[in-house]
Amino acid sequence: MGIERRSTPYIITELEVSHQSSSGGPFFPPISHLLSTFWRASPIYPTKEKNAVCRLSDRNCRGKEEKKKRKMEVVRSHRKSSSNDVVVSTLPLYRSAPPLEVRLEDFELFAIDRLRVLKGISDGLSRGKKPEEMEKLAMDLWKANIRHLQAAEVVNKDIISHFVLRLVYCRTEELRKWFLSMETALFRYRFRSERSEAQRVLMSEFKLPYKTVSNAEFESVKDKLGQAARSMGQTLPAADAIFYKVPFEEVPELVAGRQVFMHKGHAYVAMNQVVSIVVTQFRSHLSKALILTNRKWTSTIREQEKDRLAPIVEALCASYLGPDYSQPNEFAEISIKDIDLIAKTSFPFCMRHLFEKVREDHHLKHGGRMQLGLFLKGVGLKLDDALAFWKAEFAPKVGVERFDKEYAYNIRHNYGREGKRTDYTPYSCQKIISSTPGVGDHHGCPYRHFSKENLRAALARMGVGSRAVEDVMDKVHNRHYQLACTLTFEAVHGSSCDAGINHPNQYFIDSQKILQSKNGSVA
């Protein structure tokens, strides 16, 4: 991201009180100054006692939580534990920042890895995957991205990455809403993958009060529980089955789905449904923590960390996590004579619209030139051809001398031939979607910025069928713009795109691959 890296390790807990680093260099406030405020309303003061942070955290949290707990009873038959083994879960509740060291580069890299998981879950949910498919997807994403060279460090990476993203996504209501939904979904899938013993350990960490009731009470509702199980196609509860009796408002999703037996304002929740209880608590706690983090960020942290962490934090939520397409792919070196045909067959909607506008108006404002120009660079248009293309298109309105003076430099600059010689990369979908085109601009994402009428008409001109158009419009209505683009791709090419569209240049490459397989050569 172009951010200066430092190799000095920073502490996540306030264990450092010196004003110098171990190497004798200038001391930067520890990252813990950020992370220690994530769950607690009260600040943590520097201390040399290693366990002081945990003790203060426990005290602050416990006093507030116990006042808000609703009574919950566990209904089960009496049975003896078959083992005295201690069950430990690897699923943290993210109550407080861990006493760990983290380097600044890991601060960002760990967060990006977790972001891949959350965005993968978001994409799967948006595509309407079934619950069992989502659970498998989430766990596959987790194993692929939250791995570590040292197995013992996986839990640390899990906790650090969560707290970093909590800071990243606390800053606006929209960001908080997305992060809360995705982290809750991830927690749900991970909780369901735990053994029942580990699930009970996690429940106990929420300190939800419960008591064991007699066999008589269990027997009094056993028939009703059996009826509820049969209505959902589940097996009848065994004699030693565990049920939790909770106020119905604590399990709204089970009540809404008619998945529990209810009696006198209480829902009887089976052991395989306790995820609903725990997830409700987790979501509530995380929601409050995000608000507290936002207050701390806006009041002090943003200004204190404006030169070190603020640039990373502010860039992470808009990070594109795929290839940068700075170098042309195997379908490289498109020529000017082929560009019209390729634009019709393989340009994504956003680039096709810009291409048509420059042909029509013989001009594009700066934002449009950047978006289309870098895309063309990424698909293989050489610098000399790019200069010739833009000069020819602008010719009816811009003379050669004015073009060379006002526009040619920018084109060469994009190719790394002027200024700092930076090799600029094509814009990702996220960057294009987040842009704000003004009057007379044509850049940005058509799925986001077009009116409904104009969008329908444009999709029809691209050959998208009426049924597919409605599917696309549904995704647009729910602000799933990349999924709308994916559905357009599938409709135009008659082929599925399971990975989804995340970059205009990815659209181009995938399109060319499909056309090549159909025609035996690149279109």
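This is a predicted model: local features need pLDDT of at least 70, side-chain atom pairs count only at pLDDT 80 or more; totals for chains, interfaces and linings use all residues.
**Aromatic pairs and the fold**

Residues are numbered from 1 along each chain as its sequence is written, and side-chain values use heavy atoms, with hydrogens and water left out.

**Aromatic rings**

- The structure holds 18 aromatic pairs, meaning rings of Phe, Tyr and Trp (its six-membered ring) with centres within 6.5 Å.
- Tyr94 and Phe282 pair edge-to-face (planes over 60 degrees apart), at 6.3 Å centre to centre and 65° between the planes.
- Tyr94 is buried, and so is Phe282.
- Phe355 and Phe389 are stacked (planes under 30 degrees apart), because their centres are 6.0 Å apart and their planes lie at 5°.
- Phe355 sits in helix H13 (residues 349-361) and Phe389 in helix H15 (residues 383-394), 34 residues apart.
- Phe389 is buried, with a relative accessible area of 2%.
- One aromatic cluster includes Phe355, Phe389, Trp390, Tyr407 and Phe508.

**Whole chain**

- The protein chain has 23 helices and six strands; helices are DSSP runs (H or I) of at least four residues, strands (E) of at least two, numbered from the N terminus.
- Buried residues make up 48% of the 523 residues.
- Of the contacts (heavy atoms within 4.5 Å) with a separation of 6 or more, 71% join residues 24 or more positions apart.

Conventions. Buried means under 20% relative accessible area, exposed over 50%, partly exposed in between (1.4 Å probe, protein chains only).
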